[in-house]
Amino acid sequence: MRPAVISQKFHTRGAAMIMVAVAALYVALSGGIDNVLPSSGDCGLGLPSASRWVLPYGWSLAINVGLNILIMAMMVIINKAFNVLRAMTWLEVGLFALMQAAVPRDVTAIGSGTLVAAGVVICTFLLFSCYDAPDRVRTVFLAFMLLSLGSATQYSFAFYIPVFWVVCMQMRIFNLRVFLASVMGILTVWILLAGLGIVSPVHIGLPDISAIFFADNLHSSVYLLTVTALTAFMLVASIALNVFKTIAYNARARSYNGALTIIAAFTVAAMALDFDNLLTYLPILNVCAAYQITHYFVNHRYDRQYIGILAVAGVYIALYLWRLTL
C-alpha cells in the first residue's frame, strides 16, 4: 500500500476508534494505579467540586466516561458544523483519547477536569454558531450561564468568562446588547442559587491560587508535569507551525481558529499560574492540543505523514509504560 494511502487512513473513523480502544484498554488495565497527586485547588465558589460529590463508583465512572464521549462527539460536531480543521477528519478524536488515558483519573472517576472541558467545548460551539449574528443574544446568554453555573462547583470556569468575551469579539458579535446578555447569564445562576437557598453569601469563598513557581511538591509531581509539559509543547509547536496557513484563510475561518488559539493560550497560562488546580485544566489542554496537532497534519500533507502521527501516539504510549514503573 502506498504511504499516502496509509497516511489518509489515519484520518478515518476506523483509525480513531482503534486509538480510542487502545486508550480504553490501558485505562481498564491500569486505572487502579493512582500515582498522581490529588488536585489541592479543586473547589467551587459556592458548591462542592465534582471530585467531592458522593456517588457510587459505578455511577462516577459511567458519568465521567459519558462526559469524555460527549467531549469527543462535540469535537467532531464543531469541525463538521464550522469546518475549523478545513477537512473532514477523525484524528482529533483518537489523539484526545490517547492524551486522556495518560492520566486515567481523568477517565475513571468524575472530576472537575472533564466538566470544565465539556463546558468549554459546548460554550465554544454555542458562540461559534453566533458568528456575525449579534442578534443571537439568547445563545450568548446560555453560554455564559453555563460558565457561571460551572464556576459554582469549580472556580476555573470563572476564569474562562473573560476569555469568552474575547471569543465574542472574534465572532464579530461583541456589543453592548451582547455584553448585557452575558452579564445577565452570569447573574441568573447566582440569583437562582441564592433564591432557592442552595448557596448563601457565607458559602461563597475565593480560591487560594498558587503558581508553579511557588509550588513545593514538584518532585512528587514529575509524571504529571511531564505529561502536561509534553502536551503543552506539542500544542504550542502546532500553533506556531499552523500560523502561516491560517492567516491565508477567509475571515470566518480565521475567527474560528483565532478563538481556539485564544482558549489554548489561556489554558496553558492558567496551568502555570494555578498549579494546584492543574488536573482541572488538563482535559481542556488535551482538547486544544488534539485540535491543533490535527490541524497541522491537515495543513501539511505529505506521503509519509503517518510517521508523524505514529510519533505523537508513541509519545503517549511511552508515557503509559513509564507510569506503570512508578
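This note sets out numbered points on the predicted model shown above.

1. Basis. Residues are numbered from 1 along each chain as its sequence is written, and side-chain values use heavy atoms, with hydrogens and water left out. Because the model is predicted, local features need pLDDT of at least 70 and side-chain atom pairs count only at pLDDT 80 or more, whereas totals for chains, interfaces and linings use all residues.

2. Buried means under 20% relative accessible area, exposed over 50%, and partly exposed in between, with a 1.4 Å probe and protein chains only.

3. Tyr160. Not counting residues up to four places away in sequence, Tyr160 touches (heavy atoms within 4.5 Å) Val116, Val120, Leu147, Ile263, Phe266, Thr267, Tyr281 and Ile284.

4. Helix H12. The 22 residues of H12 reach 31 Å from first C-alpha to last, close to the expected 32 Å, where the expected span is 1.5 Å times one less than the number of residues. H12 bends by about 25° at Ile284, the bend being the angle between axes fitted to the seven residues ending there and the seven starting there. Since 22 of the 22 residues of H12 are buried, this helix is largely enclosed by the rest of the structure.

5. Helix H3. H3 has 26 residues and reaches 37 Å between its end C-alpha atoms, close to the 38 Å expected. Its buried residues include Asn64, Asn68, Met72, Asn79 and Phe82. Among the elements covering the buried residues of H3 are H2, H4, H11 and H12. Asn83, which follows H3, has a positive phi, near 55°.

6. Tyr306. This residue lies in helix H13 (residues 305–325) and is buried, with a relative accessible area of 17%. Tyr306 touches Pro3, Ile6, Ser7 and Phe10, not counting residues up to four places away in sequence. Tyr306 and Ala101 are 205 residues apart in sequence and 21 Å apart in space, C-alpha to C-alpha.

Methods:
Helices (H or I, at least four residues) and strands (E, at least two) are DSSP runs, numbered from the N terminus.
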